[in-house]
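This briefing is intended to be read alongside the sequence and the coordinates.

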Amino acid sequence: MKKILLLLCFGIITLAAGSPPAYTPTKEKLIFLSKKHIFERDIYMSSLTPELFIEALYYAEIISPQIAYKQAQIETGGFRSNLLWRGNNLFGMKMARKRPTTATNMVYGHAAYSHWYDSIKDYALWQQWHKERGYSLDNYFEFLQEVGYATDKNYIKKIKGISDYS
């Protein structure tokens, strides 16, 4: 009886409060989402190129995409590593155990993906997972150090030594 009364009170309060305001995306957001949909529909038929990689970082909504691009250059040895070409792994990611992942297999003890774009989407999931756990990604170099992204003590210095893409 108490449960029914509680549910009734909750229902009345909810009705009295009204429904929350609906989310209305801006025109720019709708255009972005439309372009993202088309990009993601077509990308799986495309080979990796620097231009597509940069566009993929944008549509995957990667935080600090220029730094992520430089990380991929380091992790793949200038886009030539076996991990990239056999496992489609752009970031040297290990198989996730505690978070969602787009990885489908393992190669050389690292995560492997069906397509290189899935590696970028997994990197976005990795960023989101850390953000949800209270990490600040505002200073991305500090973030990478804090989470221990690489064992190389000169990793940040190496990233900073790579020219930005334009």
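What span should the 16 residues of helix 2 have at 1.5 Å a residue, and how far apart are its end C-alpha atoms? Helix 2, residues 27-42, should span 22 Å, and its end C-alpha atoms lie 23 Å apart, which agrees. The model is predicted, with a mean pLDDT of 89 over the chain.

**Confidence**

- A pLDDT of 70 or more is reached by 87% of the residues.
- Where pLDDT is low, predicted coordinates should not be read in detail.

**Helix 2 and its surroundings**

- Phe32, Lys36 and Phe39 are the buried residues of helix 2.
- These buried residues fall within an arc of 65° when seen down the axis of helix 2, so they line one face of the helix.
- Exposed on the other side of helix 2 are Lys27, His37 and Arg41.
- The cover over the buried residues of helix 2 includes helix 3 (50-59) and helix 6 (116-132).

**The largest nonpolar core**

- The largest nonpolar core comprises 38 residues.
- Within this core, the residues with the most contacts are Phe53, Leu90, Phe91, Trp116, Ile120, Tyr123 and Leu144.
- At least two residues of the core come from each of helix 2, helix 3, helix 4 (65-75), helix 6, helix 7 (140-147) and helix 8 (155-160).
- Helix 6 gives the most to this core, supplying 6 residues.
- Leucine 144, one of the residues with the most contacts inside the core, touches Ile67, Gln71, Tyr123, Trp126, Tyr149, Ile156 and Ile159, residues up to four places away in sequence not being counted.
- In soluble globular proteins, nonpolar side chains tend to be buried together.

**Individual residues in helices and strands**

- Alanine 112 belongs to strand 2, residues 110-112; it counts as buried because its relative accessibility is 5%, under the 20% limit.
- The C-alpha atom of alanine 112 is separated by 5.9 Å from that of asparagine 89, although the two residues are 23 residues apart along the chain.
- Beyond four places in sequence, alanine 112 touches Gly87, Ala103, Thr104, Asn105, Met106 and Val107.
- Lysine 70, in helix 4, is buried, with a relative accessible area of 8%.
- Leaving aside neighbours within four places in sequence, lysine 70 contacts Ile159, Ile162, Ser163 and Asp164.
- Valine 147 is part of helix 7 and is partly exposed, with a relative accessible area of 22%.
- Valine 147 is in contact with Trp126, His130 and Tyr135 when neighbours within four places in sequence are left aside.
- Between valine 147 and histidine 130, which are 17 residues apart along the chain, the C-alpha separation is 8.6 Å.

**Positive phi in loops**

- Most residues other than glycine have a negative phi.
- Phenylalanine 79, which is not a glycine, has a positive phi of about 65°.
- Phenylalanine 79 lies in the loop between helix 4 and helix 5 (82-87) and counts as buried at 19% relative accessibility.
- Asparagine 88 likewise has a positive phi, near 55°, and is a residue other than glycine.
- Asparagine 88 is located in the loop between helix 5 and strand 1 (105-107), and at 18% relative accessibility asparagine 88 counts as buried.

Definitions and conventions:
Residues are numbered from 1 along each chain as its sequence is written. This is a predicted model: local features need pLDDT of at least 70, side-chain atom pairs count only at pLDDT 80 or more; totals for chains, interfaces and linings use all residues. Side-chain values use heavy atoms; hydrogens and water are left out. Helices (H or I, at least four residues) and strands (E, at least two) are DSSP runs, numbered from the N terminus. The expected span of a helix is 1.5 Å times one less than its number of residues. Buried means under 20% relative accessible area, exposed over 50%, partly exposed in between (1.4 Å probe, protein chains only). The arc is that of the directions from the helix axis to the C-beta atoms. Contact means heavy atoms within 4.5 Å. pLDDT is the predictor's confidence in each residue, from 0 to 100. A nonpolar core is a set of buried Ala, Val, Leu, Ile, Met, Phe, Trp, Tyr and Cys residues joined through side-chain atoms within 4.5 Å.
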